[in-house]
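Trainee: I am new to this structure. Please show me how to read it, feature by feature.

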Amino acid sequence: QLDLVESGGGWVQAGDSLRLSCAASGRSFKNYAVGWLRQAPGRERELVSALRRSGRGEYYAESVKGRFTISRDDSKATFDLQMDVLKPEDTGVYYCAAGGWGGTFTWTYWGLGTQVTVSS
């Protein structure tokens, strides 16, 4: 069982940067895939970025490639999402999640979300 807590959301202007962080508590964090998902009003949750365990692969949605970077620190049981060149379309509630990968990601543990608002 993992408990996840996000931080780092805020209100910024287009072109600015934010860094989201997720702190995990529990056992065997290093064995989980981790990811960031977002949800805008009227839309279902979208996988923004994910990172498999032990450097086995990373994923970025096409809309954020080249602008966002996911990272993890297993010694501290944390993972981050660096978001650069933010656009209004990036606005939404961002959730950190942990789970497994078996061809597709399965998200078992979720944070409560943090709001990111990008104005033009």
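This is a predicted model: local features need pLDDT of at least 70, side-chain atom pairs count only at pLDDT 80 or more; totals for chains, interfaces and linings use all residues.

Trainee: In what order do the 4 strands of the open sheet lie?

Mentor: Strands of a sheet pair through backbone hydrogen bonds, either parallel or antiparallel. Strands here are DSSP runs (E, at least two residues), numbered from the N terminus. Two strands pair if DSSP finds at least two bridges between them. In this model the order is 1-3-8-7, with antiparallel pairing. Strand 1 (2-7) and strand 7 (68-73) are the edges, each pairing on one side only. Neighbouring strands of the sheet are turned by 15 degrees on average, direction ignored; the axes are lines fitted to C-alpha atoms, and angles run from 0 to 180 degrees between N-to-C directions.

Trainee: Over how many bridges do strand 3 and strand 8 pair?

Mentor: Strand 3 (residues 18-26) and strand 8 (residues 78-83) pair over 6 bridges. Take L20: its bridge partner in strand 8 is L81.

Trainee: Which residues of the largest nonpolar core touch the most other members?

Mentor: In soluble globular proteins, nonpolar side chains tend to be buried together. A nonpolar core is a set of buried Ala, Val, Leu, Ile, Met, Phe, Trp, Tyr and Cys residues joined through side-chain atoms within 4.5 Å. Buried means under 20% relative accessible area, exposed over 50%, partly exposed in between (1.4 Å probe, protein chains only). The largest core here has 29 residues, and L4, W36, F68, L81, M83 and Y94 touch the most other members. Strand 3 gives the largest share, 4 residues. A second, separate core of 5 residues includes L37, L47, A97 and W107.

Trainee: Which cysteines form a disulfide?

Mentor: A disulfide is a pair of cysteine sulfur atoms within 2.5 Å. The count comes to 1. C22 and C96 form the link, with their sulfur atoms 2.1 Å apart. C22 lies in strand 3 and C96 in strand 9, 74 residues apart. Both C22 and C96 are buried. The link is right-handed, with 55 degrees about the S-S bond.

Trainee: How many salt bridges are found in the whole structure?

Mentor: A salt bridge is a side-chain nitrogen of Lys or Arg within 4 Å of a carboxyl oxygen of Asp or Glu. The search finds 6. One of them joins E46 and R38 at 3.0 Å, N to O. E46 is partly exposed at 32%, whereas R38 is buried at 8%. R38 and E46 also belong to a network of salt bridges with R67 and D90. R72 forms a salt bridge with D74, the closest N and O atoms being 2.8 Å apart.

Trainee: Is G55 buried or exposed?

Mentor: G55 is exposed, because its relative accessible area is 71%. G55 sits in the loop between strand 5 (46-51) and strand 6 (58-60).

Trainee: Which residues does A14 touch, not counting those up to four places away in sequence?

Mentor: Contact means heavy atoms within 4.5 Å. A14 touches L86, P88, V118, S119 and S120. A14 lies in the loop between strand 2 (10-13) and strand 3, and is partly exposed at 40%.

Notes. Residues are numbered from 1 along each chain as its sequence is written. Side-chain values use heavy atoms; hydrogens and water are left out.
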